[in-house]
Amino acid sequence: MPELPEVQTVVDTLQQLVVGKQITSIALYYERLLESTSQKELETLTGQTIQEISRRGKYLIFQCSADCFIAHLRMEGKFIYYPSNHRPAIHTHAVFGFSDGSELHFNDTRKFGRIGVYSSSALYFEAKGLGIEPFSPDFSGEELFQRFARYHKPIKTTLLDQHCIAGIGNIYADEVLFDCRIHPLTPANQLSRQQCHELAASIVAILSRAIERGGTTIRSFESSHHVNGLFQIELNAYGRAGLACHRCQHKLERMKISGRYATYCPHCQKRRD
Ligand SMILES: [Zn+2]
């Protein structure tokens, strides 16, 4: 599942490809792609120009002349840009055609991705109760400390809760907890102020680094215009269960917490209670 850095990379790439283009046709091949939006509402985008593409959490926001459409890639959703007319694939769920003949396809083999049309993205996210954005000016250790006071669940589960912080998934949750030497089962409200400061700094640093890496990976993909934002980054915890810790050489362990796996170093990330 793409997380914040991958979605940001998709946003940065699409910005160069489709901003300023006028939508002249929309073909929908899978009706359930639409989230609380009718086909008729989707068609209102025809004639509108894409003015800006941005990100909130793991959502992509396409601001058009009058309305916006918001996309969530979920597991395997991808936008693919074609400079000219291109036949839809089996898993192409929607095709946006532009006045210059280019096309933006939304493909999704798993069919979990969603698109919706809204008059205001701010209202949409307010209604969703989406959590704080890691790159917003309000994001800080103190802010996390205040927020976590309401979360009795393990920190690993809390980091994945999009109502608390937006954009972090399994990969980066494991990575930041490893970086801060915090045991994934530690209840969020038991983290000290100092730990929250370290966590906030680590979240910003690790996500920034991943966005930088993503940028370089995506550039090498640009010739094919396949935009999915998934790329290999150097990982210390995620996917490394049974392997030696990069810090202390102990074997990393994996445990299931609220249905999701957490990989951590039992030596570096000791529980403090
Ligand atoms: Zn270790």
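Strands here are DSSP runs of E, at least two residues long, while helices are runs of H or I of at least four, and both are numbered from the N terminus. Two strands count as paired if DSSP finds at least two bridges between them.

This is a predicted model: local features need pLDDT of at least 70, side-chain atom pairs count only at pLDDT 80 or more, and totals for chains, interfaces and linings use all residues. Residues are numbered from 1 along each chain as its sequence is written.

**View 1. A hairpin made by S6 and S7.** Strand S7 covers residues 103-107 and pairs with S6 in the antiparallel sense over 5 bridges. Thr92 has Asn107 in S7 as its bridge partner. The hairpin has 4 residues between its strands, and Gly101 in the turn shows a positive phi of about 95°.

**View 2. S6 alongside S1.** Strand S1 (residues 23-28) runs antiparallel to S6, with 5 bridges joining them. Look for Ile23 and its bridge partner in S6, Phe98. S6 itself spans residues 92-98 and is mostly covered, with 5 of its 7 residues buried (20 or more other C-beta atoms within 10 Å of a residue's own, the C-beta atoms being placed from the backbone).

**View 3. Domain 1 and domain 2.** Domain 1 takes in 4-128 and domain 2 takes in 141-264, with bounds from an automatic or database domain assignment. Their C-alpha centres lie 27 Å apart.

**View 4. Residues 218-230, where pLDDT stays under 50.** pLDDT is the predictor's confidence in each residue, from 0 to 100. The chain averages 91, and 93% of the residues score at least 70. For 218-230 the model has 24 contacts beyond four places in sequence (a contact means C-beta atoms, placed from the backbone, within 7 Å).

Methods:
Contact = placed C-beta atoms within 7 Å. Buried ≥ 20, exposed ≤ 12 C-beta atoms within 10 Å, placed from the backbone.
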